[in-house]
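Student: I have this model open next to its sequence and would like to go through it piece by piece. Could you start with the aromatic rings?

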Amino acid sequence: MSISLFQADLRTGQDVVNTRQRGRHIAQTLGFDSHDQVRIATAISEVARLAAASANGHIEFLLEDVPTPTLIVRVRAPTSVNGGFVSGSTPDALRPGPALAPAQRLMDRMALRPEGDGWLLLEMTQRLPHAPPGAQVVGELQEELERQRRSGGTDELQRQNDDLLRTLEELQARKAEVDRLNRELEETNRGVVALYAELEEKAEALRRASDMKTRFISNVSHELRTPISSILTLSRLLLDHIDGPLNGEQEKQVLFIRKSGEALQELIDDLLDLAKIESGRVEVRPTRFSVAELFGALRGMLRPLRVHEGVSLAFEEAEGLPELHTDERKLSQILRNLISNALKFTQRGEVRVSAAPGPRQGTVVFSVHDTGVGIAPEDQERIFEEFVQVEGPHQQGVKGTGLGLPLSRRLAELLGGALDVHSQPGEGSTFQAVVASDYTQRQGAKGEEDAGSQSLEQETSNARTVLIIDDDEVARYLVQRLLAEASLQFREASSGGEGLRLAGEMRPAAILLDMSLPDMDGSEVLEALRRQSATRNTPVIIHSSRSMTEQERGRLIPHVVGILPKNGLTREGALKLIQQALAGSGPSSGGSSAR
């Protein structure tokens with residue numbers, strides 16, 4: 001049901017002003033707020049102005065209460081009206097033109113249709129915010145509108161001026177607020193720039209400190225390796241009764257010395273591995289192996305480590321997994337750390353090791369699950385920090401440095417994966433190491449060990465002279481004691497210069513050369529030996545505690561018989577390379593590495 005509220009002709013500018021006034025009054029009476037009143041009055045004014053341009057327009061205001069209370073404004077104009085009122089050339093394609101776009105945005109709906117005899121009907125609607133007024137209010141509104149018809153447009157012009165003034169005041173207030181915000185932003189930006197500069201300066205200082213720490217750890221670890229290797233080798237000589245038997249108490253003491261030396265060597269190795277990873281100098285040497293082979297080696301290696309009698313160590317069968325092509329030593333180191341930790345903190349139950357396809361294609365996830373004490377949620381990230389150990393009664397009697405888990409996570413990331421833990425206190429823990437099944441970042445990194453791995457077991461019957469160029473007296477002594485039964489004669493030099501002089505004078509059958517000498521580097525000594533005609537073809541064996549990169553090994557191998565590390569020195573390894581050198585395997589034959 002529609003009720004006509006007011007209608008009028010649109011022929012002059014005064015009619016437009018009056019229509020705007022009536023439209024605003026109607027909107028106010030129907031319960032629209034001040035902003036909506038301005039919007040409706042503005043839309044009506046725009047449409048009325050265009051219709052009045054034809055000098056033959058008409059406008060009507062209606063109230064419709066079914067199905068939704070709505071204000072309807074109908075404007076009739078002849079089809080000859082122009083100025084962008086209509087768009088489209090056929091009745092089916094008629095739509096409001098561009099001149100009606102502002103009014104169309106201000107109202108809920110606008111429609112345009114032909115109305116016969118050369119007329120167009122434009123209809124605008126706006127839903128009422130509240131229920132429609134009663135019949136009495138509508139009647140009073142109609143009477144008031146009729147009275148306003150007879151009055152002039154002065155009141156409406158005054159109202160428009162008031163609206164403009166109020167709008168200008170709001171704009172000025174908003175401009176002042178924007179100016180204030182801009183000033184605050186400028187001050188904030190200056191503070192952010194200063195903060196970034198300070199953060200960059202601190203970050204650079206942290207990088208320098210980290211580099212210094214890494215170099216310090218690396219240098220100290222290298223320096224400690226030589227005496228630790230000497231301690232372990234000397235203890236081995238004593239336990240092997242090379243210089244005579246030991247009584248029970250002496251053997252017990254030497255065993256304590258050896259165990260302490262092995263623990264210290266493990267700590268030094270972990271520190272050196274961390275330093276290498278942080279400095280980016282660590283190398284991945286992929287080899288091909290199966291998970292079953294890896295588990296078999298770990299099973300035999302770790303069974304004796306069980307701390308509590310009521311704990312079993314189980315390895316699940318690895319089925320359906322592809323052959324791995326990654327660094328077996330580093331992967332084994334990760335799993336050894338995880339399993340040994342699980343055994344330490346599990347008093348009853350089991351430690352179970354398994355492997356399965358990883359969450360991403362081309363990955364394998366290794367899980368170590370235990371029924372131990374568990375880890376609180378707030379400590380699950382702290383345990384991966386260096387030198388951090390979670391305090392509690394479970395730590396009693398359990399030794400550790402807090403380096404195993406940080407190193408394992410770094411190694412897992414190096415192998416293209418990650419290391420995480422899932423645990424609840426009292427319910428055990430599950431550590432999961434994800435690694436790439438095929439490490440392809442470096443190809444052909446099997447090393448030169450495989451090239452010259454032919455075994456030479458022959459014993460030499462001729463006494464030959466071996467020159468040892470090493471500034472470490474203990475290292476020189478250990479080599480001679482290990483090879484005491486090989487019928488060899490030894491000469492010693494404690495510096496590179498002295499070694500070059502003795503090599504030129506005595507022309508030894510072989511040379512054991514350390515890489516860290518007080519007066520010159522081992523590489524410089526080797527180069528000088530190759531320049532002299534008297535020593536050019538003398539077999540040289542590198543005997544050093546220095547941890548060499550793949551590039552350093554690659555530069556040395558073509559010029560030496562092999563590399564004999566001081567760390568983990570054995571009689572078999574030393575004798576093998578000495579025999580190879582005395583048999584005539586000089587630099588031209590390639591090289592090997594004894595481990």
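Tutor: Phe295, Phe315 and Phe366 form one aromatic cluster, where rings of Phe, Tyr and Trp (its six-membered ring) are paired if their centres lie within 6.5 Å, and planes under 30 degrees apart count as stacked, over 60 as edge-to-face and the rest as tilted. Please keep in mind that this is a predicted model, in which local features need pLDDT of at least 70 and side-chain atom pairs count only at pLDDT 80 or more, whereas totals for chains, interfaces and linings use all residues. Residues are numbered from 1 along each chain as its sequence is written, and side-chain values use heavy atoms, with hydrogens and water left out.

Student: OK, and how many aromatic pairs does the whole structure have?

Tutor: The search finds four aromatic pairs. One of them joins Phe6 and Phe61, whose rings are tilted, at 6.3 Å centre to centre and 35 degrees between the planes. Phe6 belongs to strand 1 and Phe61 to strand 2, so this pair ties together parts that are 55 residues apart in sequence; helices (H or I, at least four residues) and strands (E, at least two) are DSSP runs, numbered from the N terminus.

Student: Are Phe6 and Phe61 buried or exposed?

Tutor: Both Phe6 and Phe61 are buried, where buried means under 20% relative accessible area, exposed over 50% and partly exposed in between, with a 1.4 Å probe and protein chains only.

Student: Which residues touch the most other members in the largest nonpolar core?

Tutor: Of its 40 residues, those are Phe295, Leu331, Ile339, Phe366, Ile383 and Phe431; a nonpolar core is a set of buried Ala, Val, Leu, Ile, Met, Phe, Trp, Tyr and Cys residues joined through side-chain atoms within 4.5 Å.

Student: Which element gives the most to it?

Tutor: Helix 8 does, with seven residues. Apart from this core lies another one of 39 residues, among them Val16, Ala43, Val47 and Leu122.

Student: Switching to sheets, what is the strand order in the open sheet of five strands?

Tutor: The order is 1-2-3-7-6, with antiparallel pairing, and two strands pair if DSSP finds at least two bridges between them. Strand 1 (2-10) and strand 6 (109-114) stand at the edges with a single partner strand each, so one side of each is left without a neighbour in the sheet.

Student: How many bridges join strand 2 and strand 3?

Tutor: Strand 2 (residues 57-64) and strand 3 (residues 70-78) pair in the antiparallel sense over seven bridges, and Leu62 stands opposite Ile72 in strand 3.

Student: Which strands does helix 1 lie across?

Tutor: Helix 1 (residues 13-29) lies across strand 1, strand 2 and strand 3, running at about 160 degrees to strand 1. Helix 4 (residues 135-149) lies across strand 1 and strand 2, at about 10 degrees to strand 1. Axes are lines fitted to C-alpha atoms, for helices over the stretch in contact (heavy atoms within 4.5 Å), and angles run from 0 to 180 degrees between N-to-C directions.

Student: New topic: where is Asp327 found?

Tutor: Asp327 is in the loop between strand 10 (324-326) and helix 8, and with a relative accessible area of 4% it is buried.

Student: Last one, what is phi of His241?

Tutor: Phi of His241 is near 60 degrees, a positive value in a residue other than glycine. His241 is in the loop between helix 5 (154-239) and helix 6 (248-279), and at 33% relative accessibility it counts as partly exposed.
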